[in-house]
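Please go through the model below with its pockets, cores and helix ends in mind. A short report follows.

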Amino acid sequence: MNLPNKLTILRAIMIPFFLVFLYMSPGWAKWVAFAIFIAASLTDMLDGKIARKYNLVTNFGKFMDPLADKLLVCSALIALSDLGRIPAWIVIVIIARDFIISGFRLVAAEKGVVIAAGWSGKIKTTVQMIMVAFLIADLGGKVIPVIEQILIYLALALTIISLLDYLIHNKDVLKD
């Protein structure tokens with residue numbers, strides 16, 4: 001097990017701790033949840049950079065890295081929807097996209113093809129993580145709620161765009 005794969009596993013392990021602190025009522029707990037989420041998000045950036053720089057890219061990493069990202073972001077979005085910070089319908093669209101891509105990857109894997117995360121998916125994930133961080137922080141004021149709304153709808157648009165990008169660029173996987 002190489003370092004990038006360990007970072008991916010660490011990201012998945014951090015999720016329950018993040019959720020516990022997000023749901024705690026003291027005001028300080030949201031900042032612990034925020035810190036855990038940021039740390040988990042940074043492992044996403046680090047594992048990929050380390051894997052590429054030191055030629056440690058593995059099929060495990062190609063599969064588990066996007067899965068760990070989905071688990072982190074989807075867990076956060078479900079909790080934030082439950083807490084009234086993001087509309088449930090947007091969370092459903094984002095999660096539906098992730099299920100579609102995961103199913104698509106399974107079909108590809110059965111054919112011996114590994115579909116790594118593309119740039120549109122990476123940008124989408126980055127924007128989603130920034131959006132989640134803003135929603136966790138819940139800074140209020142006059143400007144921040146506008147930024148939050150822009151990030152929510154930007155993440156939604158990028159979710160749909162990245163879905164179409166994956167399907168168009170990998171349509172041959174669906175041929176029998």
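Which helices each supply at least two residues of the lining of the largest pocket? They are helix 1 (3–23), helix 2 (27–53), helix 3 (59–82), helix 4 (88–110) and helix 5 (119–137). Helices are DSSP runs of H or I with at least four residues, and strands are runs of E with at least two, numbered from the N terminus.

## Basis

This is a predicted model, in which local features need pLDDT of at least 70, side-chain atom pairs count only at pLDDT 80 or more, and totals for chains, interfaces and linings use all residues. Residues are numbered from 1 along each chain as its sequence is written, and side-chain values use heavy atoms, with hydrogens and water left out.

## The largest pocket

The largest pocket holds about 860 Å³ of space. Its lining has 43 residues, and D44, D47, D65, D69 and K122 are the closest to its centre. By class, the lining splits into 19 nonpolar, 11 polar and 13 charged residues.

The terms are as follows. On a 1 Å grid over the protein atoms alone, a pocket is an open set of points with protein on both sides within 12 Å along at least five of seven lines; a cavity is a set where a 1.4 Å probe fits but cannot get out. Lining residues have an atom within 4 Å of a point. Grid points are joined across faces, edges and corners, and the volume is the space filled by probe spheres set on the points. Ala, Val, Leu, Ile, Met, Phe, Trp, Tyr, Cys and Pro count as nonpolar; Asp, Glu, Lys and Arg count as charged; the others, Gly among them, are polar.

D47 sits in helix 2. Is D47 buried or exposed? D47 is buried, because its relative accessible area is 3%. The cut-offs are under 20% for buried, over 50% for exposed and in between for partly exposed, with a 1.4 Å probe and protein chains only. Leaving out residues up to four places away in sequence, D47 touches P4, L7, T8, R11 and D65. Contact here means heavy atoms within 4.5 Å. D47 and L158 are 111 residues apart in sequence, and their C-alpha atoms are 23 Å apart.

T8 belongs to helix 1. T8 has a relative accessible area of 2%, so T8 is buried. With residues up to four places away again not counted, T8 touches D47, M64, D65 and A68.

## Nonpolar cores

Which residues touch the most other members of the largest nonpolar core? They are F18, F37, L77, I86, M131 and V132, in a core of 31 residues. A nonpolar core is a set of buried Ala, Val, Leu, Ile, Met, Phe, Trp, Tyr and Cys residues joined through side-chain atoms within 4.5 Å. Helix 1, helix 2, helix 3, helix 4, helix 5 and helix 6 (144–169) give two or more residues to this core. Helix 3 gives the largest share, 7 residues. Apart from this core lies another, of 7 residues, among them I101, L163, Y166 and V173.

M131 is in contact with L77, I86, L151, I152 and A155, leaving aside its neighbours within four places in sequence.

## Helix 3 and its end

Helix 3 has 24 residues and reaches 35 Å from first C-alpha to last, close to the 34 Å expected at 1.5 Å a residue. The expected span is 1.5 Å times one less than the number of residues. S81 lies in helix 3. S81 is buried, because its relative accessible area is 19%. S81 touches I86, P87, A88 and V91, not counting residues up to four places away in sequence. Just after helix 3, G84 takes a positive phi of about 80°.

## Helix 5 and the loops

The 19 residues of helix 5 should span 27 Å, and the end C-alpha atoms are 27 Å apart, so the two values agree. D138 follows helix 5 with a positive phi, near 45°. D138 is in the loop between helix 5 and helix 6. D138 is partly exposed, at 36% relative accessibility.

N55 lies in the loop between helix 2 and helix 3. The phi of N55 is near 55°, a positive value in a residue other than glycine. N55 is exposed, because its relative accessible area is 68%.
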